[in-house]
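Keep the structure open while reading.

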Amino acid sequence: MPMSAVLTESCFKSAAVGVFNRPQGLHFFTNGTAPSKKNCSFQKNKTAMRKLLLFLASLFIFNNSHAQQSRFEKSNGKESATYFEAIDWYKNLDKLSPQVLVKEMGMTDAGYPLHLVLVSNDGKFDPGQWHKQNKAVILINNGIHPGEPDGIDASMLLVRDIVSKKIKLPDNVALAFIPVYNIGGCLNRNAYSRANQNGPLEYGFRGNAQNLDLNRDFTKCDSKNARSFTQIFHWLDPHILIDNHVSDGADYQHTMTLITTQYDKLSADFGGWLKEKFEPQLYAGMAEKKWEMVPYVDFSSSGPEKGMEMFYDPPRYSSGYAALFQTIGFIPETHMLKPFKDRVLSTYALMQTFIEKTSANATELIAQRNKARAEAVKERSWPFTWNMDSTQSTLITFKGYEQAFKTSDATGLQRMYYDHDKPYTRQVKYYNVFKPSNFISPPAAYIIPQGWSAVVDLMKLNNVIVQQLKNDSMMEVEAYHIDDYKSLPRPYEKHHKNSSMKVSVMKQKIRFLKGDYFIPMNQVANRYIIEMLEPTGDDSFFSWNFFDAILQQKEGYSDYRWEDIAADVLKNNPDIKKKLEDKKAADPKFAANGSAQLDFIYRNSSYYEPAHNRYPVYRLE
Ligand SMILES: [Zn+2]
């Protein structure tokens, strides 16, 4: 793959300038606290002087930030920045440029704060104002998997090049970068944990300071990182989220692949606009830059002959989470076997393409998202299950390598390899249409007893409006009974996750207490609320074990004592007696099992605890 035009060879070869001097006589921009970005009175009252100083500063910045070279460049694309180098890099750009502001935004599990780098041409860093000015907001997340550091280094170069005016940031786009999201993993630097990957020489580890995979943590929020991210996400309210990664899996010629969030969750119109209008421009933009991109490559081990399927991204992933708030999520995945240098440059080119195409489509992007958010407030039927439609596909141009077999030097057995002497270009079927099913209507409101505050805390973190009952109140509500579910026998990301939930609905009168939570379903966050609170959601709070305490029966009986009471129960409740007799008639094994019959009577009597398997999130119609 040829060198991209974004960085010249001389850029890699020129002498390192490790420390660059602060400008003398431009203290207004460089005194560390960057008052030009924070002092409102100056911005309001001295616009003309500010413009002059910005112009003078830009002349100075061009000369100085251009000289700032990263470890990636100094090593000719062989090394990736350390965590501390990355943060220092942005702090230096902050000091140099009124376009850049570095903020600390919450804590991480590693004991270091999460940094956010804001970039805007007008030197104003209030996302609320950005939205009022109709700027499109792009959030770029790096180093969620620090063994895949391409985005860390590419973002450093991109912000430097925006500051030095090598790259133009359009006025109608504002950027926010998380320099390193998984700080604990980035500090755990090594040369081995990405066994299949072609560089850099050293990189971080996938697990964070709790050994969690942060790209499974967006709804359960076990990490401080995820909680801080949640606050950043809602503060920015971005139109687009880009989460930079490196692939695993098959070998092929393309350097850059892209996961686009499953279109339909954004709403039919917004998803359609993304699929038909915006996404094709990204692919065209990358082809123009000589980085021909394909959708994330996912085919069976035999090869792409049977086609490739679009990646389905439930909300545990960054892109699936973003979609719950009508933010378009993209996961760039560079190919692990391409040299680190090419991977970083293609990541740079893709971010540049995102900026260009976002600017060109900003008016439509903003209008489409606003419409989708307005629809979310009123939507009366949400699909919960998506299955690939095997009858609908499109063709993509895929550049692969032929597979072949030879004797393994490691095992002496036959092994598969990709033959680089036999490249090919083929049209491959790409399945990217999902059929929705399992539609659920939102209630007027959900009611959650206050004991379950852990989920309510996460909902508040996600800007959900939560009210509390002012008085004890008896209300008729819909309650789910958890009829069946499966739990993982071994932990997955710290949880024995529940799946295959089967529920039945019961109308019940329940006494709620003053202070219990009341969540009206007339909110922009409706999609998030319903996805998290309906127990059958892919990554619902129920699936992630937040409600597992209801699955355990707390009281019981001794058979010898219950025998007498059970007889009274049957005598006084002919309906229970009939149910028992019917079941005995239908099930000979049951008819011969005294313990099973005692349990049946218990579960149908008033003695059985109502809370067992009753899901404690109630639907108020
Ligand atoms: Zn990854």
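Strand 3 (residues 136-141) and strand 5 run parallel and are joined by 4 bridges. The model is a predicted one. Within this pairing, isoleucine 138 stands opposite isoleucine 240 of strand 5. Strand 5 also pairs with strand 10 (residues 328-334), again in the parallel sense, over 3 bridges. Here leucine 241 has glycine 329 of strand 10 as its bridge partner.

Are the two faces of strand 5 covered or open? Both faces of strand 5 (residues 240-243) are covered. Ile240 and Ile242 lie on one side, Leu241 and Asp243 lie on the other, and all of them are buried.

**Helix packing**

Helix 21 (residues 594-604) packs with helix 19 (residues 574-586), and helix 18 (residues 559-572) also packs with helix 21. The table sets out the two pairs.

| Helix pair | Angle | Axis separation |
|---|---|---|
| Helix 19 and helix 21 | about 145 degrees | 10 Å |
| Helix 18 and helix 21 | about 55 degrees | 10 Å |

The crossing of helix 19 and helix 21 is right-handed. On the helix 19 side, the contact is made by Ile576, Lys579, Leu580 and Lys583, while helix 21 contributes Gln597, Phe600, Ile601 and Asn604. Sorted by class, this contact of helix 19 with helix 21 holds 4 nonpolar, 2 polar and 2 charged residues.

Helix 18 crosses helix 21 in the left-handed sense.

**A buried loop residue**

Serine 247 sits in the loop between strand 6 (245-246) and strand 7 (256-260). Is serine 247 buried or exposed? Serine 247 counts as buried because it has 25 C-beta neighbours inside 10 Å, and the cut-off for buried is 20 or more. Leaving out residues up to four places away in sequence, serine 247 touches Thr257, Glu333, Thr334, His335 and Met336. Tyrosine 296 is 49 residues from serine 247 along the chain, yet their C-alpha atoms are separated by 8.3 Å.

**Backbone exceptions**

Most residues other than glycine have a negative phi, and most peptide bonds are trans.

Asparagine 76 is not a glycine, but its phi is positive, at about 55 degrees. Asparagine 76 lies in the loop between helix 6 (71-74) and helix 7 (83-96). With 11 C-beta neighbours inside 10 Å, asparagine 76 counts as exposed.

Asparagine 463 has a positive phi too, of about 65 degrees. Its place is the loop between helix 16 (453-461) and strand 16 (467-468). Asparagine 463 counts as partly exposed, because it has 17 C-beta neighbours inside 10 Å.

The peptide bond from glycine 199 to proline 200 is cis, and its omega is near 5 degrees. Proline 200 belongs to the loop between helix 10 (183-187) and helix 11 (224-236).

Note on methods:
Residues are numbered from 1 along each chain as its sequence is written. This is a predicted model: local features need pLDDT of at least 70, side-chain atom pairs count only at pLDDT 80 or more; totals for chains, interfaces and linings use all residues. Axes are lines fitted to C-alpha atoms, for helices over the stretch in contact, and angles run from 0 to 180 degrees between N-to-C directions. A crossing is left-handed if the near helix is turned anticlockwise from the far one by less than a right angle, and right-handed if clockwise. Two residues are in contact if their C-beta atoms, placed from the backbone, lie within 7 Å. Ala, Val, Leu, Ile, Met, Phe, Trp, Tyr, Cys and Pro count as nonpolar, Asp, Glu, Lys and Arg as charged, and the others, Gly among them, as polar. A residue is buried if 20 or more other C-beta atoms lie within 10 Å of its own, exposed if 12 or fewer, and partly exposed in between; C-beta atoms are placed from the backbone. Two strands pair if DSSP finds at least two bridges between them.
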